Amino acid sequence: MISAVKFDPVLLAIETSCDETAVAILRGNQLLASEVASQTEHELYGGVVPEVASRNHLLHAPRLLASAADKAGIALEEVDAFAATSGPGLASSLMIGASMAKGLALGFAKPYLAINHLEGHLLSPFFTGNFAIEPNASLIVSGGHTLLVEVRALGRYRILGRTVDDAAGEAFDKVAKMLGLGYPGGPEIEAHALSGDAACFDFPRSMLDSGDHNFSFSGLKTAVRYRLADLIPITDEVRDDLCASFQRAAVEVLVAKTLRAAHACGAKLVTVSGGVSCNRELRTALREGCDRAGARLLTAVPELCTDNAAMIAFAAMLRFTAGFASDVTEEIDPNLVLA
Ligand code: KG4
Ligand code: ZN
């Protein structure tokens with residue numbers, strides 16, 4: 001066990017790094033409120049439009065702030081520190097949440113904490129029990145990121161590997177789109193894969209034996225595109241087989257490389273976070289792999305896997321109680337790295 005925290009401060013966190021607007025209030029280890037507004041209009045454009053996202057954040061954030069305070073039964077004067085995601089993400093989105101949290105911190109003369117979105121994901125599996133952060137090998141797997149990180153303690157991270165092209169979630173989203181399924185694509189693919197045959201199509205397991213801890217998902221996505229072109233018009237059965245075979249290929253690579261990374265850094269604990277970690281095939285395969293390797297697996301509850309402010313509040317709580325605070329002049333950084 002490396003760090004433990006005391007449990008009474010009240011933290012309010014705002015997350016607006018991409019297209020989810022979220023506000024959460026945490027008192028010690030008790031999540032008092034976690035509000036999330038997702039934006040669906042980006043589906044029309046085939047990707048997140050920064051201008052649309054930031055306008056929506058402006059629209060939703062004040063409303064979510066009020067409803068979070070209401071649900072938590074907390075007056076803003078009672079908040080001990082305000083936090084926001086400061087990167088990585090879309091500049092015009094990050095700016096909204098960070099400006100709001102800074103304004104609240106200044107207005108109520110309370111500390112401000114700038115939180116790295118990736119740290120929020122990475123710590124989210126620990127948002128149970130006694131908040132102790134144990135050393136672990138961490139897979140962050142979302143729509144924007146696919147990263148393997150050696151976690152030594154709070155704030156002590158070493159990047160082991162990352163995707164060299166698409167994030168895993170991005171591949172799920174793009175393949176779903178090709179197959180005429182909705183957005184976000186991950187849950188759609190997972191649902192259709194249930195009735196498909198994962199052995200039907202032999203898709204590539206890219207970079208499985210690359211000798212490093214990096215990933216690539218662009219080749220897998222292209223392989224599905226080419227296979228699909230030969231099969232059009234597809235039946236429901238073929239679509240389900242494509243989903244199952246694609247998902248199996250993605251999961252096999254994620255699991256094999258995570259276990260190898262854990263072995264390389266001698267980690268006896270594996271954690272997984274980010275939107276794609278909702279995927280049940282991934283969770284089951286990781287659990288089985290960890291069992292075989294004699295390691296423990298810690299996952300976040302599904303509500304904490306996709307973007308939310310509770311994970312930002314949790315990271316802020318750990319930092320705040322460890323004595324950290326940020327300067328309100330600290331700028332957002334769309335390319336913020338985990339260090
Ligand atoms: O963590 P998140 O909300 O946002 C980023 O930080 O990117 O992750 C969203 C991603 C989307 O690509 C979505 O398709 C994927 O997570 N996702 C899933 C599942 N649920 C969400 N991917 C596979 N299986 C799922 N069940
Ligand atoms: Zn995220």
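On bookkeeping, residues are numbered from 1 along each chain as its sequence is written, while chains are lettered from A and ligands numbered from 1 in the order in which they are written. As the model is predicted, local features need pLDDT of at least 70, side-chain atom pairs count only at pLDDT 80 or more, and totals for chains, interfaces and linings use all residues, with side-chain values based on heavy atoms and with hydrogens and water left out.

One sheet is open and built from five strands in the order 3-2-1-4-5, with mixed pairing. Helices and strands here are DSSP runs numbered from the N terminus (H or I over at least four residues for helices, E over at least two for strands), and two strands pair if DSSP finds at least two bridges between them. Strand 3 (30–38) and strand 5 (112–116) sit at the edges, each pairing on one side only. Neighbouring strands of this sheet are turned by 20° against each other on average, direction ignored. Angles in general are taken between N-to-C directions and run from 0 to 180 degrees, with axes fitted as lines to C-alpha atoms, for helices over the stretch in contact.

At one end of that order, strand 2 (residues 20–27) and strand 3 run antiparallel and are joined by eight bridges. Within this pair, Ala22 stands opposite Val36, and Val23 is set opposite Glu35. The two strands make a hairpin with two residues between them, and Gly28 in the turn has a positive phi of about 55°. Helix 1 (residues 50–72) packs on the sheet and touches strand 1 (10–15), strand 2 and strand 3, its direction making about 25° with that of strand 2; contact here means heavy atoms within 4.5 Å. Helix 2 (residues 91–107) also packs on the sheet, touching strand 1, strand 4 (81–87) and strand 5, with its direction at about 160° to that of strand 4.

The other five-stranded sheet is open too, has the order 8-7-6-9-10 and again shows mixed pairing. Its edges are strand 8 (156–162) and strand 10 (296–299), each of which pairs on one side only. The twist averages 25° from one strand to the next. Strand 7 (residues 146–153) is antiparallel to strand 8 and is linked to strand 8 by six bridges, with Val151 opposite Tyr157. These two strands also form a hairpin with two residues between them, where Gly155 in the turn has a positive phi of about 80°. Strand 6 (residues 136–141) and strand 9 (residues 269–273), by contrast, run parallel and share four bridges; Ile140 of this region faces Ser273 in strand 9. Helix 8 (residues 280–293) lies across strand 6, strand 9 and strand 10, at about 155° to strand 10.

Now for the ligand. Ligand 1 is surrounded by 21 residues, the closest being Gly143, Gly144, Asp173, Glu190 and Asp307; a residue counts as near if one of its heavy atoms lies within 4 Å. The shell splits into six nonpolar, 12 polar and three charged residues (Ala, Val, Leu, Ile, Met, Phe, Trp, Tyr, Cys and Pro count as nonpolar, Asp, Glu, Lys and Arg as charged, and the others, Gly among them, as polar). Backbone atoms reach oxygen atoms of ligand 1 at several points: an N or O atom of Gly143 lies 2.8 Å away, one of Gly275 lies 3.0 Å away, and a polar backbone atom of Val276 is at 3.5 Å. Polar contacts are pairs of N or O atoms within 3.5 Å. The protein covers 90% of the 560 Å² of accessible area that ligand 1 has on its own, by the Shrake-Rupley method with a 1.4 Å probe. Helix 3 (117–123), helix 4 (168–178) and helix 5 (185–193) are the elements that give two or more residues to the shell, and helix 5 has the largest share, four residues.

Most residues other than glycine have a negative phi, and most peptide bonds are trans. The bond from Gly87 to Pro88, however, is cis, with omega near -10°, and Pro88 lies in the loop between strand 4 and helix 2. Another cis peptide bond joins Tyr183 and Pro184, with omega about -5°; Pro184 belongs to the loop between helix 4 and helix 5. Ala109, although not a glycine, has a positive phi of about 55° and is found in the loop between helix 2 and strand 5.

Notes. Polar contact = N/O pair within 3.5 Å; in protein donor to acceptor, adjacent residues only side chain to side chain.
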